[in-house]
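Morning, everyone. Please look at the structure first.

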Amino acid sequence: MVDSRSWDWETGEKNVSLDSWKKEYRWVEEPYASPDGEKIAAIVNVDEGEFTVCVNGKVWGETVFDKIWHLRFSPDGRLTALVSEMGEWTMAVNGEAWENKFGYIWEPRFSIDGTAIAAAVQQDMRYGMVLNGKPWEQTFANMTYFALSPDGRHTAGAVQVEDVDSGEIHKFQKGSFTAALDGNPWDMRFVNVWNLAISTDGEHLAAEVRLNLYDYTIAVDGVPWESRYATVWEPLFNPVTGTVVAPVREKGTWALAENGKILWDRRFVQIWHQMFSPDGSRLAAIVAPKYGRWTVAVDGVPWPATFATLVTDATFSPDGRRIAALAKDGETFRVVVDGNPWTDAWDMAWKPVFSPDGKDVAAKVEKKGRYTYTVNNRVWSRSCDIAWDPVFSPDGTHLMLRTVEAGNYVRRIVPVSDIVG
Amino acid sequence: MAEPSKKEENKVVDEGIDVGISRLTEEKIQSVINSVIDSETGARLKAYVETCIHCGLCSEACHYYLSHDNDPHYSPVGKVKQTIWEMVRKKGRVSPEFIRRAAIIAHTECNLCKRCAQYCPFGIDIAYLISVVRRIIHKLGVTPLYLQDTAHSHSVTMNQMWVKGDEWPDTLQWQEEEAQAEIPNLRIPLEKEGADVMYSVIAPEPKFQAQLIYQAAVIMHVAGVNWTMPASVGWDNSDMAMFSGDNELMGRLKRTHFETAARLKVKKIVMGECGHAFRSVYDMGNRWLGWSMPPFTIVHAIEFYHDLIKEGRIKIAKKYKPPITLHDPCNVVRGGGLHEKARYVAHAICEKVIEMHPNREHNYCCCAGGGVINTGPPFKMTRIKGNRVKAEQLFGAKTKGAEVLVAPCHNCHSGLHDIVHHYEIGLDIKFFGDIIYEVMEKPE
């Protein structure tokens, strides 16, 4: 986790004017704020086919690139982007391009603490992952799904290890895909491999696999579970015990399975996005308890409140006692905490954030193009042109709110009590 | 059992079907049929089977029937009689040769266009019955090769044209660069979280028709739409697995599409001019996943253009001069009710619109839809000969002066191209987007 104790939690407000950027550059793309709120950055067009990044009003480095996209701050505050120069692509970090260049680079990933940066790369029509600038030694004819371990030490991909031409359906059905951890493929071949997960210790790799056109299961370290299913969804490692759980479909309904055995008594019309509490003791998932109704189930028990359109962005509190999610009915979203929907409905809402002690919940929300924050079912008094997710101070007493208002980027430290009363 | 159709004279060789058939036993066939009927169908199938009184009123709804001089083998009820009824009646005890014929009927002689459902006095959805046949064919491993290959592409890449992960964003950036030669500050914003609209297309666009993405970008730019396109899987809204009977894969594709929209925090998904994709996100795929309605508002290109023009967000500099005729795609007209909006767009952008007859929800299918065009070259002539009536309909519009055929659907476009070419009708075929791009006001 990123340690935010060294961040400035004292200064009430800091501003960066963005208006001058528009005058200085041909165009300014959408801005991104750093996790600590100290920097605001955007890709800017200098001239035809010439791009750089503007950070707090200053250019990012000396190099002007032919193209820049996917500008994002890493969790540890480094500014990254995918950049092209002289027809070659790579990652640039704080303005410095990685030494290795590629035919293309995409799907960047950060480790939880931000120290590791990975991406998928293509060179000479061969595919692999790159981790902190270093590509896999072994490359593949295709690579379709990607993963970076939580600790950032390992990367994985679903890779094609047998050439199959278009139209060779029977050869394809014998299996031409497998999964590779750090570039080392499993021995077993599958018809398909999807949605990879790497264990907390980085030693194990799990994936959804299709054994033939009809039989699906989960494979861990290249070994499929003995049970076969009509289909499966993404596997997840228990962060403490290392067991693997995945939603599995049998006879038209969904169940959760752990290491190939059905885990929850109850079956659902749909189960996905299962998640463990940080200590691994509780398991929750987004479920449809009946057709067209959605909610969250915790250890197999669904919340009584259900929603018609969508439930998304579920998250455990750090202590694992509480769960927050977003629920959509019709066209509007609400924050739901432990099954209780909050009062206000929004045109859009973002993943709720818990305070370190789990007592408070905050979320960025939007209505009619104006952004604000809702905290413990109360709404901040201001609305903004742009906003980023709220960040609780380490002691949970303050929120860092990063916004754009009237052409100014604003970093505010606001007491939680100012919003919740 | 009905007698073989006349077209059996030209026995098509399809590796997907023929190899699949060679692996079948009667025991396997019986097991699969009964498994699908017992565990995947219910009151709906039973009601349809027991309600049909064999009146044949559906016959004249079918373009295959009309195009084959009213041969009853091609009537919807005839096709049901040659497939699912027999499977039900014989409790699955049918031969591999029966399955071969059922695969050809279900996959190449029915477009699942649902025109016949409108003519059935009981409203029996024959497309559903043929879909059950396709599901059985899938489970037996007898799906036509080209369609199966497309499903394999979906399974690997989550798009229908084997477009690789890097090729997709690279193509968008190429089109952005091309368009910037015309409008210097135009962008195709990738991965822009919080945009109002996620624009999704089908894979033939980046693969063969990248100019359509260019045109869409110009329309978005001029209209001032806050939009984005995903750089990851989920960008392709198409779904041939829906037509190959691979429901599990259909659900996987739709989940990927909807969750990409959820990840990008958009409010709407605007789709390009594709009909079957609309059916997959608006009706079939969402419901298989447990959503009674899509989790995001789905806006087909016809409706999107309609709204932009009506709200004055794009203005027409000079209407398109050549007289056009408008083809109503089944999936967005019978399936989505967009026929009047299509006419609003057509009249707004064209000087003269000549109706073909029949039209709107009674229009004849293009004969490409329902995955039929995806069965590929072995069945191309089945498609073309099976839609002589469409050629006659188009000739009618041509006789009244139409020079251009507007078909706001990719499969319709391709299928109609074959019809127009084979029957030497002499109509140019365009998307709405082609014409809008040509006639709209653009920045100097």
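Two strands count as paired here if DSSP finds at least two bridges between them. Strands themselves are DSSP runs of E, at least two residues long, numbered from the N terminus. This is a predicted model, in which local features need pLDDT of at least 70, side-chain atom pairs count only at pLDDT 80 or more, and totals for chains, interfaces and linings use all residues. Residues are numbered from 1 along each chain as its sequence is written, while chains are lettered from A and ligands numbered from 1 in the order in which they are written.

I start with β21(A), residues 216-220. On one side, β21(A) pairs with β20(A), residues 205-210, in the antiparallel sense over 5 bridges. Ile218(A) is the bridge partner of Glu208(A), and a hairpin of 5 residues links the two strands.

β21(A) also runs antiparallel to β22(A), residues 223-224, with 2 bridges. There Val220(A) sits opposite Val223(A).

Is β21(A) enclosed or open? 5 of its 5 residues are buried, so β21(A) is largely enclosed by the rest of the structure. Buried means 20 or more other C-beta atoms within 10 Å of the residue's own, with C-beta atoms placed from the backbone. Tyr216(A), Ile218(A) and Val220(A) point one way, Thr217(A) and Ala219(A) the other. In a regular strand, side chains alternate between the two faces of the sheet.

How values were computed: A residue is buried if 20 or more other C-beta atoms lie within 10 Å of its own, exposed if 12 or fewer, and partly exposed in between; C-beta atoms are placed from the backbone. Helices (H or I, at least four residues) and strands (E, at least two) are DSSP runs, numbered from the N terminus.
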